[in-house]
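Take each task first, then follow the steps of the solution.

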Amino acid sequence: MRLHRIHLTNFRGVQNRSIEFNTNGITIVEGNNEAGKSSIFDALHMVLYERDSARSHRVKDAQPVNRDVGPEVAVHLSVGEYQFEYWKRWLKNIGTTLEISAPVPENHTGRAAHERVEQILAETLDADLWDALRMLQSGDLKMPAFTAESFGKALDISTDKVALDDSLSSLRDRVEKHYLAFWTKTGRVPKERASKKTEAKRAREARDDLQYRMNSVDADQAKLVKLTDTLGHLNDQEREQAVKLEHLTEQWDSTESLRRDVDRFALETGKAKAELEHARAEQQDRKRLIEEVKTAESRAKKSQTDLSTAKENLKVAVEQVTKAEEALTCAISVLEHLTQHLQTAEQDREHYAQLKRLGELRGNHNRVKEAQQQQVEAKKTIDVCLSRNDADRIADAEGAKNAAEASFTQSTAKVMATALCTIAVEINGEMVSLEQGDIKERHVVDVWELVLPEQLRVTVQIGDDSKHFADKFQAAQKQYETLCLEASVADTIEARQQATAREEAEKLYQEAENVITACLDGTIIDALVAEIIKQSEVTDSYKSARTTDCPFPADAEEAERAFDETVQQHETQKADMDDLKQALNDAQRDFATAETKVEQANKSQVETEKGLVIAETALADARKVTDDDAVKNNLDTKSQQLNDLRASEDNVRSQLESKNVEALKQSLENAQDDHERTKENIQANEQEQRRLEGALQQAGADGISTLLDQAESKLQAIERTVRSEDLKADAAKLLYKTFEKHRQSAHERCVEPFKQEVEKLGHLVFGNDFMVTLDENMRVVSRTLNQETLSLDQLSTGTREQIGVLCRLACASITSIDGKGAPVVIDDALGWSDSDRLQTMGQAITQAGKRCQVVILTCMASRYGNVGEARTVRL
Amino acid sequence: MVRFVHTADWQLGQCRDYLDEDAQTRLNESRIEAISAIGSLAVEESCSFVVVCGDVFEHNQVNRRVLSRALSAMKEARDVVFYLLPGNHDPLNASSIYYSPDFQSRPDNVYLLDSADPVEIEPGVELIGAPWPNKEPTSDLVTDACSYLSDDALDNGRVRIVVGHGGTDTLAMGRVGSKTISTTSLESLIGQGRIHYVALGDRHSTTSVGNTGRIWYSGSPEPTDFRETDPGNVLIVDVDEQIVEVTPKPVGRWSFVEEARVLTSGEDVDLLGEWLTAISDKKRAIVQLDLSGQVSVKQKARLDEILASYCDEFAHLTEKSDWTSLVLIPDNMDEQEVGLSGYALATWNELKAEALSSNPEKARIAKESLAIMYRIAKH
C-alpha cells in the first residue's frame, strides 16, 4: 500500500488540511503537539474501515467539539494494482465516493464503494503487516512480530516463491489435527491407542491360555488312549502274578512246618544243655572248695616265714642309722673350723686392699698441692700481662697512626734546609746550630718557621688539605700513645710479648686445674685429707686386733692366695657334709620300711590263719549235702541226654535246609511285592483314567474349542484394528513430520533475508559487527555488538526503540515491491536517542526510504534532521 | 428303492477369525438354520432319513449350546431320522461330544453311528458306519467297516449304504496315507453287489468319486472357505441294486468370494465398485479381493472410499494381505488435483519419492501418507 494524499475536513481540531506523501520515499510530517499529526492515521483508519453510517466512539470522537459538522476524510491510495480516490463523511450529510483509476477505472458510491474498498483491501493488503509497521507514539516498545504466514506471504515474490498463504496454514492445521488424532502433542501414543494395544495383548494372552487348555485336551486324549492300553496290560500281569503267588504260598507253608520242628528240638536241646551246665558247675564248685583249703594252708606257712625275715631286716636298719649320725656330727665340726679360717683370710685380703687405697689417696693429695702452686704462679703472670685483645688494639692503633702518617707525608710540604755554613737558626722557636753541610728536613705539620735571628724569618704554612691529614695523623698518633701508656708498654712489640706470656700462663693454669679436678674427683681437699687420716688409723689397728690361728700373710699377693685356698677347702667340706646327710636320710628311710614290713607280716599271719579255718569249714559243709562221687555221676547222665537231643535236631534241620528256605522266602516276598505293585499301578491308572475322562468331559462341557475360536477371532479383530491404526498413525506421523520439516525450512528461508536486512540497517546505526537473533515470530530477542550478546530486556529504552524502528524499516524494505507491502509509520519515536544515534538512525531511515514508503510524524523536526531525501510537511 | 438325504461336514461351531462378532453370529445361526432346511427338504423330498457323514461338529469341545441347538433343530424335523457319523473333527474318543450328557439325552430321531456294525434302519436297508475313533486312525476305516460284511445283500435284495468320512485316493492329489479311503475297494464291493451307495464326508464341495456314480461327497451345506468349488448343497439319493440317482439340492445361503482384479485406471476402480454393488445378500457374503496393478493417489483414495463404504455391508470384505501387489504411483494429475504449492508441494514430493522406496514398509507408510494428504488437501 502507498499513501499519496490525505485530506481532512472538520476532523477533530483540523478544519481543513491536505497532506501529500512521498510515495517512494520519506515524508516527515512536522507539527507541534495537538497539531493533529496522530489524527492523520486515525482518519486513514476511519476512512478505510468505518462505514459512513457508523456512529462508533471512534467516529464520534472525530467530530469537532461544539461544531455541528460531520468529519470528512479523503484519501488517495495505491494498493496492489489498484489506485483510487476514496472519500467519506460521517454523522452529517454522510456519504462515500470511490474513484478507481487503475487498473480499470471504476466509480462507486455509498455502501457499494465501501464494500469495493473492503474487497480490494482483503485482496491486496496484509492487515497484519500494516499494523506491525506502524510504530505509534503511544505504543509500547515491543518488537514487532511478523508471523510466518503474514510475512511469508509478503516475501513470497521477493524471496523464493515459497507460498505461505492462508490455505497452507489451514492445510497445516488439518495435517496437525490428523496427526493429533493418532499421537499426543509430545509424540507419544495416546491412551486410546495404547489401551487397544493392551487389549490386544490381553486378547493374545487369553487366546494362548485357551490354546494351552486345548493342547492339554489333545494331550489328555492321547494320554487316555495310552492309559487304556497300559491298563489292559496291567490287568493281564496281575492275573499271572496272582497264580504264581498262590503256588509259592503252598511251598512256604510246608517249609514253615519243618521250621517249627526245628524250633522245638532247639528248645529241648537248650534245656538239656542248661542241666548239663548245672552238673558241671556243681562238680567245679566241689573241686574249688578242696583247692581253697590247700591254698589257705600254704599261705599260713608262708606268713610265718615272712614275719621272721622282716624282724631281722629291722635290726640291720637300726645299726646303719646310728653309724650315719656319728659321721655327720664329725663333718659339721670340721666345717665350722674352716669357716673361721675363711673369714680371717678374707679380712687379710681386705687389709692389703685398704693399704693400696691409702697410697693412692696420698699420691692424689701431693699432686693437688703441686697443681695449686702452679696456678698461683700462673695467676701472677696473667695479672700483669696484657690480653691478646688489648695487644691487638694497640697494634691496630699503630697501624692507623702509620697510615695517617703516610697520608700526611704524601700531602704535606717537605722542607729541607741545608746549611751552607755553620749557622745558628731558630726552627719553630727552637734554636738549632747547623754545621756546613747539615741538612734539616721535615714535613710541615702546621707551620714551619725558620728564623735567622734578626735577619730572616721564613714561615712555611701548610694548606687546608694538608692540615686535615696532619690533624688525622696527630689524632692517630695520640691514640696510639694513649693506649701504650694505659697498658704500660713501650710499643706494639712489647704489648704482643705480654699477650703471648699471658696466654702461656693461662694454659698452665688450666692444666693445673684439670689435675686438681681429676685428683679430687668431685670432693674437696679437706675431705681428701680426712679420708687419708681415717684409712691410716684402720690399717694401723688391724694387725693388733687379728687372730693368730693362722699365719699373717707377708703381702697382698700372699693374702689373696691364702684366701683362695681356704675357700676351696671350705667348699669341699660342705660337699662331704651333704653326702653324709643323704646317707643318714637313706638309713632312716630303710629303717621305716623295715618297721612297716614287720607290721604287715604280723597282720598277714593273723589273716591267713583265719582263712584256713573258713575254707575247711565250707568243704566240710558241702560234703555233708552231697558226697564227691554223687556229684560226678550226675554230670555223666546229663551229658548223655544232651547228645541224644542234638542228633534229633540235626536231622530235622538238615531236612529244612534242603528246602532252600531263603530263596523260597525271597521269591514269595518278590511275588507279593510285584502283585501289590501291579494292583497299585492298576488303581493309580484307573484313577488317572477317571481324572482324564473327567477333565475331557469338563473341557467338552466348557466348550473350549468354541472359546478358543472366539478368542482367536477377537484377537484377530483387535490385531487387525491395531495394525490398521498403526499404519494410519505411522502415515500421519510421516506426513506431519515431513510437512513440519519443509515448513520449518520455508520459515527459515523467510527469516534469513529479514535478519540480513535488519542487520544491514543496524550496521549503519551500531557498527559493522551488529547482529540480531530472531524468534519464530521473527521478533528480535537479542542483539550482539562487539561480540557481546544482550537480550532485548537488557538493552536501554533508546536502543530497543531504535531496533524496533529498524525492524519495521527492514520489513517494509523487503515487502515493498510492485506496490505490495505497507508504509512504515513512525509517530514521534526516537525520543530516547542521543544526538549521535539520531544521526546514524537518520542514515538508516534514509537508506530504507529508497525502497519503501516511510511516514514520520514528529513535533521535533530537529530529531529527524539527519534524514535525507525527505519531503517535509509542516502542519 | 431307498430315498434319503446325504449331507456332511456341518462343521457346527466353526469360527472364522477374520469375522467380526456379528457376522460370526449370523454364520452360526445359518448353520443351525441349514439343519432345519435339510429337515424340511427331507420331508419335501419324501426322504425318511438323513445321513450326516462326519464332522457334524467342528470340534469335540465346541460350546454345548451349539450341540443343544443342533439337537433342537433335528428334533423339530421329527418325521426324519438323522444318522450322525463321527468324523475327524468330532471323533469318537474319550472326549467325544457324543459321549456328553447332552448328547446322551438326544431326541429319538437322532442316531449315532458309533460302530461298523450294520444298522438295519428299515426292512431291507442297512447303514454301515465307519466312525472315526480318534483323529489319527491307522487304516482305511471305510474299507475296514466293509470287510466284515456278509453276502446277505446279494441273496436277500438288501440295500447297503456305507456312511464314511475322509479323503479318497482318487482325489488325494498324491497325498495318500494309510487312512485314505480306497476307491478301488469300494468300487469292487459295489461291483460285487455287497454295497450300493457310499455316502462320504470331508470334502466340502459336492463331488462324485470314481465311475460307478454310487460314491459321493455331498459337500457342506454352508460354505466354509474360499477354496471350495461347489459347496452349499445336500444330495437327494435314490438307490437300489440296479439304480442310483443323486440330485444336489442347494441349501446354503452364504458365499465365500475371492476376486482377483488388476487395477490400472480410475475406470478399473469404478468397475470394481460396480462389481461389489452387484453382489447380492451382502450380509452373508465374505469377500476377499486380490488386487494388483498400479494406481494413482487419487485412484487409491477412490478405492479406499469404495471399500470403506462397503465395509459394513458385507459380512466381511478384505484385501489380501499382500499389499505390495497393488502399486501406488503418484502422478501429475494427483498434484494438479490437490493443487499444492510451496512447502506443501515439497512435502508431497518427498512422500512421493519415499512411496517408491525399495523398502516396502517405508513405501507402504509413505503411500498411506500421500493418501491422507490427498484427502486432507481435497477437503
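**Exercise 1. Find which residue Glu72(A) stands opposite.**

Solution. Step one: Glu72(A) stands opposite Arg89(A), which lies in β5(A). Before going on, note that this is a predicted model, in which local features need pLDDT of at least 70 and side-chain atom pairs pLDDT 80 or more, while totals for chains, interfaces and linings use all residues. Residues are numbered from 1 along each chain as its sequence is written, chains are lettered from A and ligands numbered from 1 in the order in which they are written, and side-chain values use heavy atoms, without hydrogens and water.

Step two: strand β4 (residues 72-79) and strand β5 (residues 82-89) of chain A pair in the antiparallel sense over eight bridges. Strands here are DSSP runs of E with at least two residues, helices are runs of H or I with at least four, and two strands pair if DSSP finds at least two bridges between them.

**Exercise 2. Work out the strand order of the open sheet in chain A, and what packs on the sheet.**

Solution. Step one: six strands run in the order β2-β1-β4-β5-β6-β7, with antiparallel pairing. Step two: β2 (14-20) and β7 (106-109) of chain A are the edge strands, each pairing on one side only. Step three: helix α1 (residues 37-49) of chain A packs on the sheet, touching β1 (2-11), β2, β4 and β5 of chain A (contact: heavy atoms within 4.5 Å). The direction of α1 makes about 95 degrees with that of β1(A); axes are lines fitted to C-alpha atoms, for helices over the stretch in contact, and angles run from 0 to 180 degrees between N-to-C directions.

**Exercise 3. Describe the interface of chain A and chain B.**

Solution. Step one: 42 residues from chain A and 38 residues from chain B take part in the contact. Step two: about 3400 Å² is buried between the chains, and carbon and sulfur atoms give 64% of that area. Buried area is the accessible area (1.4 Å probe) that two parts lose on being put together, summed over both. Step three: in chain A, Leu727(A), Leu734(A) and Leu735(A) lose the most area to chain B, together 16% of what that side buries.

Step four: the rule finds one salt bridge across the interface. The side chains of Lys741(A) and Glu350(B) meet in a salt bridge at 2.7 Å, N to O (the cut-off is a side-chain nitrogen of Lys or Arg within 4 Å of a carboxyl oxygen of Asp or Glu). Step five: α15(A) gives the most to the side of chain A that touches chain B, with 23 residues.
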